[in-house]
Amino acid sequence: MDKAWRLRPALSADAEWLADLKARAMRPDLERLGLWDEEWARRRFLDTYVPANTDIIEVDEKPVGVIAVRPEVGAQWIEHFYLDPAIQGQGIGSQVLRHVMDAHRDARPFRLAIDRGSTARWLYERVGFVHLYDDSNGVDQIFGAPGTAAART
């Protein structure tokens, strides 16, 4: 049975615990790539955190994750999508991702970047993302999924 979850708007005050969540969630991939540096992971999050683009994922009224959608002219970028490792693998991630994509869907495609070799790839592929290209930084892979507002008209 799927756990009940909800989204709430993020606040500026959420920044520090979200940076810690990112560090916990990303540590296995960053260690695998030889890039683990907790302070760097936290700083990278804090430098790009925009509460207005971000929702907090709650289960049983407790915050367990985060997801953001950064709008650009030609695409909508899914960013900062992290779940507490204790609840990963329970189907919440794919439910949240589908919900957020439906809520933001328009003619622009969705884009996201994941670490090369990340197991998160399978989650994204299940909801329709495909590999587009490898970033020149040697770490990130860029994936895309279509917007469908135009397809519905």
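Buried residues (under 20% relative accessible area, with exposed over 50% and partly exposed in between, for a 1.4 Å probe and protein chains only) make up 42% of the 153 residues in the protein. The model is predicted: local features need pLDDT of at least 70, side-chain atom pairs count only at pLDDT 80 or more, and totals for chains, interfaces and linings use all residues. Residues are numbered from 1 along each chain as its sequence is written, and side-chain values use heavy atoms, with hydrogens and water left out.

**Fold and surface**
- The protein has five helices and seven strands, taken as DSSP runs numbered from the N terminus (helices H or I, at least four residues; strands E, at least two).
- Their order along the sequence is β-α-α-β-β-β-α-β-α-β-β-α.
- Among contacts (heavy atoms within 4.5 Å) with a separation of 6 or more, 63% are between residues 24 or more positions apart.
- Val 130, Leu 132 and Tyr 133 make a nonpolar surface patch of about 260 Å².
- Patches are made of residues with over 30% relative accessible area and no salt bridge, like charges being joined within 9 Å and nonpolar side chains (Val, Leu, Ile, Met, Phe, Trp, Tyr) within 5 Å.
- Leu 132 lies in strand β6 (residues 130-134) and counts as partly exposed at 38% relative accessibility.

**Nonpolar cores**
- A nonpolar core is a set of buried Ala, Val, Leu, Ile, Met, Phe, Trp, Tyr and Cys residues joined through side-chain atoms within 4.5 Å.
- The largest core has 23 residues, of which Ile 78, Phe 81, Leu 97, Met 101, Tyr 124 and Phe 129 touch the most other members.
- At least two residues of this core come from each of β2 (54-59), β3 (62-71), β4 (76-83), α3, β5 (110-115), α4 (120-126) and β7 (140-145).
- Helix α3 gives the largest share of this core, five residues.
- A second, separate core of 13 residues includes Ala 10, Leu 18, Met 26 and Ile 56.

**Helix α3**
- Helix α3 (residues 92-104) has 13 residues and spans 18 Å from its first C-alpha to its last, close to the 18 Å expected at 1.5 Å a residue; the expected span is 1.5 Å times one less than the number of residues.
- Its buried residues include Ile 92, Val 96, Leu 97, Val 100 and Met 101.
- Leaving aside neighbours within four places in sequence, Met 101 is in contact with Ile 78, Phe 110, Val 127, Phe 129 and Ala 145.

**Salt bridges**
- There are twelve salt bridges, each a side-chain nitrogen of Lys or Arg within 4 Å of a carboxyl oxygen of Asp or Glu.
- Glu 58 and Arg 8 meet in one of these, at 2.9 Å from N to O.
- Glu 58 lies in strand β2 and Arg 8 in strand β1 (residues 5-9), so the pair ties together parts that are 50 residues apart in sequence.
- Both Glu 58 and Arg 8 are buried, and a network of salt bridges links Arg 6, Arg 8, Asp 14 and Glu 58.
- Arg 108 and Asp 106 form a salt bridge at 2.6 Å, N to O; Arg 108 is partly exposed at 21% relative accessible area, and Asp 106 is partly exposed at 22%.
- Glu 125 and Arg 121 form a salt bridge, with the closest N and O atoms 2.8 Å apart; both residues lie in helix α4, four residues apart, about one turn of the helix.

Definitions and conventions. Accessible areas come from the Shrake-Rupley method with a 1.4 Å probe; for residues, only the protein chains shown count as cover.
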